[in-house]
Amino acid sequence: MIELYDVWKTYSNGVNALRGVSVKINKGEFVYVVGASGAGKSTFIKILYREEKPTKGAIFVNGFNVDKIRERQIPMIRRTIGVVFQDFKLLPNLTVYENVAFALEVIETPKKKISGKVLEILNLVGLKGKENSKPDQLSGGEQQRVSIARALVNNPAIIIADEPTGNLDPDTSWEIVRLLEDINYRGTTVIMATHNKDIVNRSKKRVIAFEDGVISRDDRRGGYGYEN
Amino acid sequence: MTVEEGTAMRISTFNRHIREGFKNISRNSWMTIASVGAVAVSLFILGVFLLLAMNVNYMAQKLEEQVEIRVFVEELAEQQEIDDIDARLRSLNDVKEVTFVSKEEGLEALRTDLGSEASVLKGLDEENPLRDAFYVTSFFPRQIGQLATEIEKIPFVAEVKYGKDTVETLFNVTSVVRNMGLIFSVGLAVTSLFLIANTIRLTIYARRREIEIMKLCGATNWFIRWPFFIEGMIMGTIGSLIPIIFLGVGYWQILENQSDAMFFLELMPLNPFIWQLALVLIGTGILIGVVGSLMSVRRYLRV
């Protein structure tokens, strides 16, 4: 599903964000990625959906050789991955329904198929009845659900969540994590980068910890493990 | 999954791009007006120069068709020699037409030309000062000089005359007008290209969040590019239609009011010319718009 072999990433300013990372994540896993800011966590996440290109090493995601892929094929990898962000990245002028439908429209899904899929996903993330609301009429947790719905509507094999609870209060954070666990239970691989110690410690999932650009720890049923 | 489904999809996508393209245009209406104005002005100037150049060309062509070489025969020549010259002239490759004008005919023609003042020619019938002549036209008026030199070598040819200066001046004017017009127009076209690129950059900036999300959702670059492409095309097209209308109406007015004083300069008729001009201007306008849009989108696609 996801395989990295000795992946290095040096930015143009000379920063070594990743220094020889090798890891394997199987289909259907739920993985937390932890680490202090600047430890390589974000670069690791971005390299998976090819927002960043590795300097060295081999990366395989959903059968794509990500480090060798041509520019024109990048959209094809991204269609197999859903990405969720800390700041939701919703379009403020569009309704909830339109925000989710947007993900299908831009990959040229036939119109007939869009409405059914969108309503089904909104139901799954618990936003039934909010279809016509605008993002600013929703709470933070609800907005993050919209963004998860958008990531999910394309039926991707992997969901990557980059600090999805960073802007949310503890209770709401747990709701979002539960939702991601639900999604994982249905067979989608979930990779979640987070600073939330409490969630990581109580979830008892696989934890990959980054320190200075290398994986310092990879525990099957791990905890957050260090103070930051 | 059928072919039909694929086609339906493409049409709806196409409609979407058109819709978004128009939305972009209304988003920055003032910048759009400025860019369209810039395109219109530069294409107008290009059009004026084209109009001038094509007119000068047209006149040159008209004059060329009238250019002929006058070959005067030595007075000592007998009928036999005159026939020889005629045969030699007709054997030359470039020669289109040969007309013999005897000195009597020449005098008669002169008399007709002078009309009421023909009396000055009185008494010349007895002692005709003119020479027998051949009027020769060429298939290649621009190389008429070479032909003239060749004709001069024929025995019993006294003199060869053709309107060398007129023809060459005209050709020089044509190329000057053409070059100046080209330099001006290219400069202005580049300016309007950057204005269009800048306007589109503004609409892209307004939509950068949308583009980012599109990229993350796996939209292809062309899917993102199309609306901006269409925006540029619309701006280029409108920017070319304005000068086409102005130039067309203006030139028509000039033709209508053309005074008889310009009898020797025959202006080009409106009909085939205006369509050629329209084609060139629309083509240039669209090219400017499209290149401008692609220039400005490039940077934003690297997400």
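**Cavities, a pocket and a helix pair**

Good morning. The largest cavity holds about 150 Å³ of space. A cavity here is a set of points, on a 1 Å grid over the protein atoms alone, where a 1.4 Å probe fits but cannot get out, and lining residues have an atom within 4 Å of a point. Grid points are joined across faces, edges and corners, and a volume is the space filled by probe spheres set on the points.

This is a predicted model, in which local features need pLDDT of at least 70 and side-chain atom pairs count only at pLDDT 80 or more, while totals for chains, interfaces and linings use all residues. Residues are numbered from 1 along each chain as its sequence is written, chains are lettered from A and ligands numbered from 1 in the order in which they are written, and side-chain values use heavy atoms, with hydrogens and water left out.

The structure holds two cavities of 30 Å³ or more. The second largest cavity has about 70 Å³ of space. Helix α8(B) gives the most to the lining of the second largest cavity, with four residues. Among the residues lining the second largest cavity are B:Arg16, B:Glu20 and B:Phe228.

A pocket is an open set with protein on both sides within 12 Å along at least five of seven lines. About 540 Å³ of space lies in the largest pocket, and α1(B) supplies the largest share of its lining, eight residues.

The axes of α5 (residues 140–152) and α6 (residues 170–185), both of chain A, come within 10 Å and cross at roughly 20 degrees. The two helices therefore count as roughly parallel, a term for angles under 35 degrees. Axes are lines fitted to C-alpha atoms, for helices over the stretch in contact, and angles run from 0 to 180 degrees between N-to-C directions. Contact means heavy atoms within 4.5 Å. Residues making this contact include A:Ile148 of α5(A) and A:Leu179 of α6(A).

Technical notes. Parallel < 35°, antiparallel > 145°, perpendicular 65-115°, else oblique.
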